[in-house]
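Hello,

Here is the structure I promised to pass on to you. Please open it beside this email and follow along as you read.

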Amino acid sequence: MAHLLVRVPKGSPAFRAGVKPGDLLVKIDGHDIIDVIDYQYFVSHENPVLTLIRDGRQFDLRVLKRSGDSLGIYFDDMLMDKTRTCANNCAFCFIDQMPPGLRDTLYVKDDDWRLSLLTGNYVTLTNVGERELDRIIERGVSPLYISVHATDGEVRARIMNNKNAAKIMERLKRLSEGNIAFHAQIVLCPTLNDGEVLKKTLSDLTAFENCLSIAIVPVGMTAFRDNLFKLTPFTEETARQALDICKDANDSRIYVSDEMYIKANLPLPDCESYGDFPQIENGVGMLRLFEKEYLEARNSIKRIYKRNCAVLTGVSASDFIKDMLSNFPIPGVNVRIHAVENTFFGKTITVTGLLTGQDLLKAALSVPEQEILISRCTMKAEEEIFLDGMTLEELKERSGKNITVSPNDGAGFCAAIAGEHTDKVDIWQDL
C-alpha cells in the first residue's frame, strides 16, 4: 500500500531529510505499512529508512532522528486506511433508532479497533480475525476500549446477533496473555444481560488484571423503535437491582453511569470514588466532575454580570445542576434551570447531548428570560449545528433571545453563569 503525504512541516526530521508533500510512503525499514498502527510502530525506531514514490520513481531515504521522536509528516487520512464498519446487529443499537433525515455521518456504524486506540472508541472485536488479533498484540496496541455487554458467549451472540460475538472470553484471554490492557463497557438491558448474567460478566472481567475499568450504562431507547428488537426500559426498581449487583461485586474498577443513579433515584457517589475518571465518556462521574470544576472556578471569580438567565439542559441533569446552583450560587445572578423534554427522540432520552435545535427553540420560546445558556455538547464538534440540522444562528434568530453557548466543563459553565461570555458591560463588583 502507498500512503499520500499531504504536509511536511519545515524543520521536522522528515523535512531535513528531503521528504516532500505529495510523496507516497510505501515501506519503513523494509516493512509494508498497512495503516497508522504499523506506521506508528515502525516510525518510532531510530533513523528509519523510508521507501517513497515520487513522480513515479521509487527510492529509499534515511531520516535521522532519535528513537521515539516523530518524523513530522502528515497523511491524507488519519487511519491511513478505510474505516472498518460494524458487523453486528445489536438489539440496543442507537443508530438503528435514529429517525431519517439527519446528517449522513450520524448513521455510520464504525467498529474499528484502531480508532479504539487513537480516539477511545468502543469496539466489539467481532470483525477482527486471528491474524489481526496477532497484529494487535505484536504492535502493543494498548489500552483498547471494548464493548463487552456479556461474557456469556451465547448471551452476547444473541444480543449482538452475531455468532462471532460468542468468542469474547477467548479474545480477552488472548489480549491478557499479550499484555494488552483494556477498558470495558456494558450496555445493560433489563431481561437480556442483567441479573445473573451481569454477575457473571463482572466476575469474569474483574478476574483480568489487565482490565482497567468497567462502565455500566443503561440502554438508551428512542421513540423510533418500530420493527426493532423489543427492549424493556429501566424502572427505579430494576436500576436499583443493577446497582446492588455492582456494589456486591466489590471491585473499585466497576463504575456505574450517572444516568443509572438518576433512574434509581439515588444520590451519586462522591467525586473521589471515580478516581481519575477513566469512564467519563460513558457519562460515569460526569456530574461530580462538573460540580468539582464549577466550585473550583467559583472560588476564583473576580467579577460577575448582574442579570437573570435561564439554563436549558436535559431532564437527567436538571435536578443535579439546580441543587448545585442553589447550594453554591453566583451572587448577583438569578439562574433558573429549565429541563428540556426531548420530543424529537422521545421522552425516554433525557441526556443534554441529544437535545435538538427544535426542542431547544421550543424551550427558549417558553421561558420568560431573555438571556439563555445552552451546552456546547448539544452541537456537532467544532461546528455550530444541532443534531436535527438547525444552526446556532438559526436558533438565535428564531427565538429572538440572547443565547450563550456554555463550554461543556464546570469551569466554563461557571464563567458563562457569571457572564464572562456575554457582551454586557453592567459589571457587578468584586465578590
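**A helix across a sheet**

Helix α8, made of residues 236–249, lies across the strands β8 (182–188), β9 and β10, and runs at about 160° to β10. Please keep in mind that this is a predicted model.

The strands under discussion belong to an open sheet of four, in the order β7-β8-β9-β10, with parallel pairing. At its edges are β7 (144–147) and β10 (254–256), each of which pairs on one side only. From one strand to the next, the twist averages 20°. If you are wondering what holds such strands side by side, strands of a sheet pair through backbone hydrogen bonds, either parallel or antiparallel. Here, β9 (residues 211–218) is joined to β10 by three bridges in the parallel sense. To find one of these pairings on your screen, look for A215, whose bridge partner in β10 is Y255.

**The cores**

Now for the inside. In soluble globular proteins, nonpolar side chains tend to be buried together. In this model the largest nonpolar core has 90 residues, and Y39 and I216 are those with the most contacts inside it. Leaving out residues up to four places away in sequence, I216 touches I186, L188, L198, L202, C246, I254, Y255, V256, S257 and M260. Apart from that core lies another, of 17 residues, including L355, L360, I374 and F386.

**The start of the chain**

Next, go to strand β1. Residues 3–7 form β1, which pairs with β2 (residues 24–28) in the antiparallel sense over two bridges. In this pairing L4 stands opposite L24 of β2. Strand β1 is also joined to β6 by two bridges, and these two strands run antiparallel as well. There, R7 stands opposite Y74 in β6.

Have a look at H3, which has its place in β1. Is H3 buried or exposed? With a relative accessible area of 5%, H3 is under the 20% cut-off and therefore counts as buried. Which backbone oxygen does the side chain of H3 reach at 2.7 Å? That is the one of I33. A polar atom of the H3 side chain also lies 3.4 Å from the backbone oxygen of M80. Beyond residues up to four places away in sequence, H3 touches D23, L24, L25, I33, I34, F75 and M80.

**A buried residue in a loop**

Q97 lies in the loop between β6 (74–75) and α3 (113–119). Q97 has a relative accessible area of 0%, so this loop residue is buried. Setting aside its neighbours within four places in sequence, Q97 is in contact with F92, G220, M221, T222, F224, R225 and L228. The side chain of Q97 reaches the backbone oxygen of G220 at 3.1 Å.

**One more helix**

Finally, helix α10 (residues 286–298) has 13 residues. From its first C-alpha to its last, α10 reaches 18 Å, close to the 18 Å expected at 1.5 Å a residue. Which residues of α10 are buried? They are L287, R288, F290, E291, Y294 and A297. Among the elements that cover these buried residues are α9 (258–263), α11 (315–327) and α14 (410–418).

Enjoy exploring, and write back with any questions.

Best wishes

Technical notes. Residues are numbered from 1 along each chain as its sequence is written. This is a predicted model: local features need pLDDT of at least 70, side-chain atom pairs count only at pLDDT 80 or more; totals for chains, interfaces and linings use all residues. Side-chain values use heavy atoms; hydrogens and water are left out. The expected span of a helix is 1.5 Å times one less than its number of residues. Buried means under 20% relative accessible area, exposed over 50%, partly exposed in between (1.4 Å probe, protein chains only). Contact means heavy atoms within 4.5 Å. A polar contact is a pair of N or O atoms within 3.5 Å; within protein, one must be able to donate a hydrogen and the other to accept it, and residues adjacent in sequence count only if both atoms are side-chain atoms. A nonpolar core is a set of buried Ala, Val, Leu, Ile, Met, Phe, Trp, Tyr and Cys residues joined through side-chain atoms within 4.5 Å. Two strands pair if DSSP finds at least two bridges between them. Axes are lines fitted to C-alpha atoms, for helices over the stretch in contact, and angles run from 0 to 180 degrees between N-to-C directions.
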